[in-house]
Amino acid sequence: MLSLMSEPTETRRERAARRAGEFPPAPEPLPRPVLDSHTHLDITVSEAGVPGGGSTDDPIGSAVAVAAEVGVDRLVQVGVDVASSVWGADVAERHPAVLATVALHPNEAPRLADLDEALREIESLAARERVRGIGETGMDFFRTGDEGRAAQEESFRAHIAIAKRHGKALVVHDRDAHADVLRILDDEGAPDTVVLHCFSGDADFARECVRRGFLLSFAGTVTFGSAGALREAAALTPVDQILVETDAPYLTPMPHRGRPNASYLIPLTVRSLAATTGTDLDELCTAISATGDRVFGPW
């Protein structure tokens, strides 16, 4: 008894800090399979570890398996620079459940000493069969100031052209730049398929995107208590223009906000979207799955 009493007691704050680095428990499986339309497996494994305590010998295989157990049977690995794009394209060729997109993130473009050379490498990767999208590209006025916006726009316009040349989906990163994203897409002529990744706009912006035929991909942010405007946007989006994503390891859905995210947590976001849109869960899963195949092609 004395030795037990002498053990240090973990405070609530210490326990919360410790758990913040742990993957949450798996949610209830979905009734029908869906995809995670936007994830960063490389960042997830390097920064947070292997979801579900899977094998570190094959972390990607383990992450895919854990997701499949809850009904997330397909993943889209998204590139943010040349290195991650090469990595993703290679992973997609080794793992049948994974497809890839390739691009320079808008915050990466202003940092590059030779943007043209990096774009040439992205164009080369775009020709690979398991690369099914160009992204994430776009505009970010939150992390990049005025001095970097010209490079962002140049890069975004170049990625739009690459997507059109290769007939692949354009995956758009838009942070605090709604009007400029639409302006540039209208100027260049949008590719046949455009996905607004981690959609962050309000109902008015959603209407403009829906009118143009774009796909709106909702992340865990739609579950946040403060995201009323985002839920309004989701509620007016036709079910066949909705995708769902993690953006893992970021944007973990409630009730696990602040802990590492991974594809196996997609069911939390899908159930939230079903409630928000008033759509039967089976119907929503079927629609999301069909849209994923339409956007990225068969796995």
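Visitor: Does His-173 count as buried or exposed, and at what relative accessibility?
Guide: In this predicted model, a residue counts as buried under 20% relative accessible area. His-173, which is found in strand 5, counts as buried at a relative accessibility of 11%.

Visitor: Which residues does the UniProt annotation "binding site" cover, and where do they gather?
Guide: The annotation comes from an unreviewed UniProt entry and covers His-173 and His-197. They span 25 residues in sequence, yet no two of their C-alpha atoms are more than 5.7 Å apart, so they gather at one spot. The lining of the largest pocket includes His-173 and His-197.

Visitor: With which side chain does that of His-197 make a polar contact of 3.3 Å?
Guide: His-197 is found in the loop between strand 6 and helix 9 and is buried, with a relative accessible area of 5%. Its contacts beyond four places in sequence include His-38, His-173 and Asp-247. The polar contact of 3.3 Å joins the side chain of His-197 to that of Glu-136.

Visitor: Within what arc do the buried residues of helix 9 fall?
Guide: The buried residues of helix 9 are Ala-203, Phe-205, Ala-206, Cys-209 and Val-210. Seen down the helix axis, they line one face of helix 9, because they fall within an arc of 155°.

Conventions
Residues numbered from 1 in each chain as written. Predicted model: local features only at pLDDT ≥ 70, side-chain atom pairs only at ≥ 80, totals over all residues. Heavy atoms only, no water. Buried < 20%, exposed > 50% of the residue type's maximum accessible area, 1.4 Å probe, protein only. Helix = DSSP H or I, 4+ residues; strand = E, 2+ residues; numbered from the N terminus. Arc of directions from axis to C-beta. UniProt positions renumbered as here; feature names shortened; annotations may be inferred. 1 Å grid on protein atoms, 1.4 Å probe; cavity = no way out; pocket = protein on both sides within 12 Å on 5 of 7 lines; lining within 4 Å. Contact = heavy atoms within 4.5 Å. Polar contact = N/O pair within 3.5 Å; in protein donor to acceptor, adjacent residues only side chain to side chain.
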